[in-house]
Amino acid sequence: INFNFETVRVTWSPSQYSGTNLTFVYNSDEASRPCCNYIVHESHTAGCLLEARKDEILCFSLGNGTDILFRKCEWISAYLKPSSPEDLSFRWHEDAVTVTCSDLPYKRLLYEIQYKSVFDTEWQSKEGETCNVTMQGLDSEKCYFFRARVKTLESSYGSDTYPSDWSKVTHQQRGELRGEACYTAVHGPSFSLKVRALLVSLSRLHKCLMPSVPDPKLTFPGLFELHRGNFQEWIKDTQNVSHVAKTEATEQECVPEETLVVQLQKAEAEMPIGEEASRDASPVACQPPQGGEVVSLGGFTFVMTDNSYMLL
Amino acid sequence: ILPDALLFVLSVFFRKIFILQLVGLVLTYNFTDCDFEKIRKKYQEVIYQALNKYMNGVKSTEFNNYIYCEDPPDCLAKIDLITFYPTHGCTTLAKEIFAIRTNATLTLQCPGYSGTQINNTQAKKKRKKRQVTTNKCRKQVSHLMELWRRFSRISKQ
């Protein structure tokens, strides 16, 4: 491969030549020179890196010391790989953009510019014989990605050349370079409406799956203001009085229809846990309460210990 | 002292050599004044395809390419030589499509270029034999392709 008329890399397969260490000799300034920079693979010579000086013919030979196994003369231009374009510049004019970069110092090349918007899956392509390519029909309000590479004209270099690597992808919107913000650019009312609708749906789903914990202030008025959060005192003060505070409208949509759930934390409690306990008239429900204070709410009687709580 | 007969023969011989050299000088065309850009465009538009068609899928890189040309006039001189002057093993290139187009292009774009006059009698006789593209001829044409490519890379835009 001829890298931009700067370096030429010649490689061969060591296994093809019985795994011997081959020597590479080439012509330079009409004199034969051995390779100074071998490429080694699995302890055998597998290639040579040499300096390219100009558009010239490289004559070289591969030998195993005494015998010449292979000899060839080739134009190095036949295996050209141009260097990648750098520092792309953009000039917007209404619905067209002109992309420019520095031309390489040799001719008969094709500069290929590719572009796509954030909603396109495929790249659009435009080529020019210089790095000055204009693309029409773009919307400067949209965010576009651009990249460039260089190819050779087959009539001038043959069919065995390599295209350059792609340049870095740049993002452009309203004639300005964009970074990651390009991915979230809003560029139309329909898009914003869709985003808002999506956000609202996500918000509702979040509230449905993870309902907020109700503020006990609303359910137990005076609990924190008068009794500093002491539920025992509050109960004494307000026994037989039940206030059911209205829950938030949104929570009512998602609150599952469940009856009171009583949870006993301490091991000595033998009452079963769960909703079934309140409904089922099993022997479990008839066990006499063990210790703790008795609480009556809405016609129901509960025995409270220090470790138990009620969820309404 | 050489006999008169020998002197006579030698004089005739050297005269002929001298005349031939003069003729050679006259026939060697100087391609310096050609319109290289127009020739390059014609090469890209019509001559390149004809060369490719002749090679029929065989790449020029399969051959040893060792004929170098320095500048556009040098490239055209070598293209002219290989295209129109037969070599041992390949005598028929001048009648091929790419050669006819090359001749026309050089005649048009190079002032004073007389072109190549193909001997029609010989052409008719040879048409009886089916033209077979030999490997020797392909080798010649691969040199031509590389010279044309070099010419197109270095001719000014």
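Where is A:Lys54 found in chain A? A:Lys54 lies in the loop between β6 (44-51) and β7 (57-63) of chain A, where strands (E, at least two residues) and helices (H or I, at least four) are DSSP runs numbered from the N terminus. The model is predicted: local features need pLDDT of at least 70 and side-chain atom pairs count only at pLDDT 80 or more, whereas totals for chains, interfaces and linings use all residues. Residues are numbered from 1 along each chain as its sequence is written, chains are lettered from A and ligands numbered from 1 in the order in which they are written, and side-chain values use heavy atoms, with hydrogens and water left out.

With a relative accessible area of 40%, A:Lys54 is partly exposed (buried is under 20%, exposed over 50%, partly exposed in between; 1.4 Å probe, protein chains only). Not counting residues up to four places away in sequence, A:Lys54 touches A:Phe5, A:Ile76 and B:Tyr68 (contact: heavy atoms within 4.5 Å). A:Asn4 is 50 residues apart from A:Lys54 in sequence and 10.0 Å apart in space, C-alpha to C-alpha.

In chain A, an open sheet of four strands has the order β4-β3-β7-β8 with antiparallel pairing; two strands pair if DSSP finds at least two bridges between them. β4 (31-34) and β8 (68-75) of chain A are the edge strands, each pairing on one side only. Strand β3 (residues 23-28) of chain A is joined to β4(A) by four bridges, and A:Tyr26 stands opposite A:Arg33 in β4(A).
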